[in-house]
Amino acid sequence: MSDDGALLLGRRWRLWEQFSLRGPGFPVGGVLDLAPVDVSVYADKFAGGVLSGPDWDEFEGVFGEVAARTAVRLQGVAGSSDFTAAVAWQNRTVLRTGLRPFLGWVPSASGRSSMPRQREELVAHYWQRFCVKNDTIGFFGPVGWGRVDGSVGGVEVDPGEGLTASSSVFFSSWSIDALAKRLSADERLMAWIPPRRLPYIRAESDEGPVHVPGRRPQQAPPHLVALLRLADGRRSPHELARILGTSLDEVTSRLTELVGRRWVSWRLEVPSGACPDRELRAVLERVGDAELRRGALEPLEVLERGRERVEAAGRDAEALCEALAALEEDFTRITDTASQRAKGSRTAPNRSLVYSDTRRSATARIGGTVLEAMAPLDPLMTSAAWLMAQLGARVERRAVEVYEKLSAASGEERVNLADFWFASMPILHGGAVTDAQEVLAEFQRRWARIIPLPEGEARVRTSHSAVASQVAEAFPPAPVAWTAARYLSPDVLIAARDTESIGKGDFELVLGELHLASNTMGASLFVSQHPEPAELLRLTGRDHPGPRLLPLLPKEHKARLSTRVRNVLVRPEDYYVALMELTADPHRDRTVLSADAHVVRRDGRPVVVLPDGAEFPVTDVFGHVLTTLAMDMFRLFPDADHVPRVMVDKLVVSRESWRFTGGELGFAEEKSEARRYVRARNWRGERGLPRYVFVVSPTEPRPFYVDFDAPVYVNILAKAARRLARKDPEAKLTVTEMLPSPEHAWLTDDRGNTYTSELRFVAVDQHD
């Protein structure tokens, strides 16, 4: 602790007292039930032996019986209401095409043909995700909370009552956008919907010209430019007609021309927010015609009632499926839009109309014993700060070149921010990517000198004191390059049999991921499930005593950006800058269009000057791009066919991992399940792999769990290997030890069930 009571790791890093307690919604024992001890012990009698003869025939018979029992166990899983409800949230089609036929089948040793086995694997695949993946989604990945408490020795858990304390259902942003698009077809309603100038368009007087980045200034009739300058997203066409002293029809005609020139956006746009239906309602409530307003609100209210029925269904699978189906039917009828978006590489998350986020009943407190063991995070995070500073400095140097080129061309020291942003696109999506790769390579070279990895070693151990002194020399302090880079979000896992062991010091810590340049707990999915969101805003205010400049992001983009992960810890004093599109409420104060700001040099560095005179480093404008590049960069060691487990005191900073081509898993091509199982266990033993692992394959959407004692998970691994070998014989899948393993699940509920878990912290860089 510091003199002011702040919680410190080393002298540089301040931790938030709050942390998120992440874990699945099903007990870890669920997957262990799929690994019968009798078959694994029996199989090991054939290690290195001949897979034929009377003993083998007997084993095959036992294996078939065990496989049938496992199928019955999986049917029990598939038929449970909670599992069905969880799958319904993920993909209701699977209930009809996979689970129902599986439940109607009678397992037997001789009747496990190809299709029933596929359905077994389908259920087992979902089951491993629900039991051992520390995801955050729905009741099967509820958001838990904890607090650092000096009065606690190790860890204390208050299980609360039941699994979840509260649950909320939200609309995906695209679903409400579809309704807004449908409403926009009513020309009478559009007369009350304010148009807005695109953020990068500017005209400094009614006489023009109009400036568009990358093009020559364009002349337009003064009456058109005057309307352009008034289109601020707050004034409706009715009000604009009054201000300009002309008719509504004339304003409508001029707006249509401005839209055609791509200078103005005039459609019913829903500001980004965790509750897009409320945002749309706020827009519609401003419609001045009462009859039109009621007519526009009616379909929204139909969908809102449908969402409420979904929320009321809770984990009642039958009621949930009925409510979801009814909502989808209403949505398609109202919007003439498919109720689920097709999955693809360019599709953002939240493909369904609605999603659920839930708060876990259990809460935790951690104390000094755990904090002391976290001390090695200090040098790790210090090296991460160097990594971000190097990336930011390189990108800033490229930005200076862009500024100088634009300044020289215009003959002015002030460069319009919109022009600067567009001219920076090649460096942000080209040169900056190269910079990130080069900086990471140098980062790993320096760590290789600090912690050498001898070939063939399974374990490498060092001490905090040895690492800290070398890190201080290898990664000297540098100024924070952009505001978000003050944040690091480490995921820490505790490997212990129970909380009593933690209090006695009988535990290890594991660094899961270290997310750079982001307070990941500021995402909507966390904040919406906090019992007191104002507390998180208070902590944000402590981190940033003054206002911040935040780039305004699209509502969603590919697989990384959606409403759920958007940072919502934004205060009224913070500025938004709209670069390409305006997704915030135009009525929000301190929302600046890029065309209304400028870039100048201060002491040799480019800064952004806002219309009210506020100044910020230009790298803050690049903040989201830089964070996207940096977020997953923290990798101490480069990819290799084998990387040992690396420990610094009691903290595992790198789990042991292996890489194989699909063809190297020779057992995968074995047709007989019994032979495949035995050969897989032999293969695992020859390579020194642990029983429990996670596997990442280029052909699989997510990492998946494998227990080499469980035949069904061996089958899933074999299928992934075959798929990879067919697609790309040279590509490799990565196998990483599961650490903590299932026996180290210390998080409990009120019934004594145990769950895997991780603690997500927020660390703030106090270095100036």
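Phe26, Phe83, Tyr126, Trp127, Phe130, Phe139 and Phe140 form one aromatic cluster. The model is predicted. A search of the whole structure finds 34 aromatic pairs.

**Aromatic pair**
- Trp386 and Phe475 make an edge-to-face pair, with 5.1 Å centre to centre and 70° between the planes.
- Trp386 belongs to helix H16 (residues 377-410), while Phe475 is in the loop between helix H18 (464-474) and strand E14 (487-495), so the pair ties together parts that are 89 residues apart in sequence.
- Trp386 is buried, at a relative accessible area of 6%, and Phe475 is buried too, at 1%.

**Charges over rings**
- Lys45 places its charged end over the ring of Tyr42, 5.3 Å from the ring's centre.
- Arg360 lies over the face of Tyr755, 4.8 Å from the ring centre.

**Helix H14**
- Helix H14 (residues 317-335) has 19 residues. From its first C-alpha to its last, H14 reaches 27 Å, close to the 27 Å expected at 1.5 Å a residue.
- At the N-terminal end, Asp316 caps H14: a side-chain oxygen of Asp316 lies 3.2 Å from the backbone nitrogen of Glu318.
- The buried residues of H14 include Leu320, Leu324, Leu327, Phe331 and Ile334; Glu328 and Asp330 are also among them.
- An α-helix has 3.6 residues a turn, so residues three or four places apart point the same way.
- The buried residues of H14 pack against helix H4 (81-90), helix H5 (92-103), helix H7 (173-183), helix H13 (290-313) and strand E11 (354-366).
- Asp336 follows H14 and has a positive phi, near 55°.

Key. Residues numbered from 1 in each chain as written. Predicted model: local features only at pLDDT ≥ 70, side-chain atom pairs only at ≥ 80, totals over all residues. Heavy atoms only, no water. Phe/Tyr/Trp six-rings, centres within 6.5 Å; stacked < 30°, edge-to-face > 60°. Helix = DSSP H or I, 4+ residues; strand = E, 2+ residues; numbered from the N terminus. Buried < 20%, exposed > 50% of the residue type's maximum accessible area, 1.4 Å probe, protein only. Lys NZ or Arg CZ within 6 Å of the ring centre and 35° of its normal. Expected span 1.5 Å × (residues − 1). Contact = heavy atoms within 4.5 Å. Polar contact = N/O pair within 3.5 Å; in protein donor to acceptor, adjacent residues only side chain to side chain.
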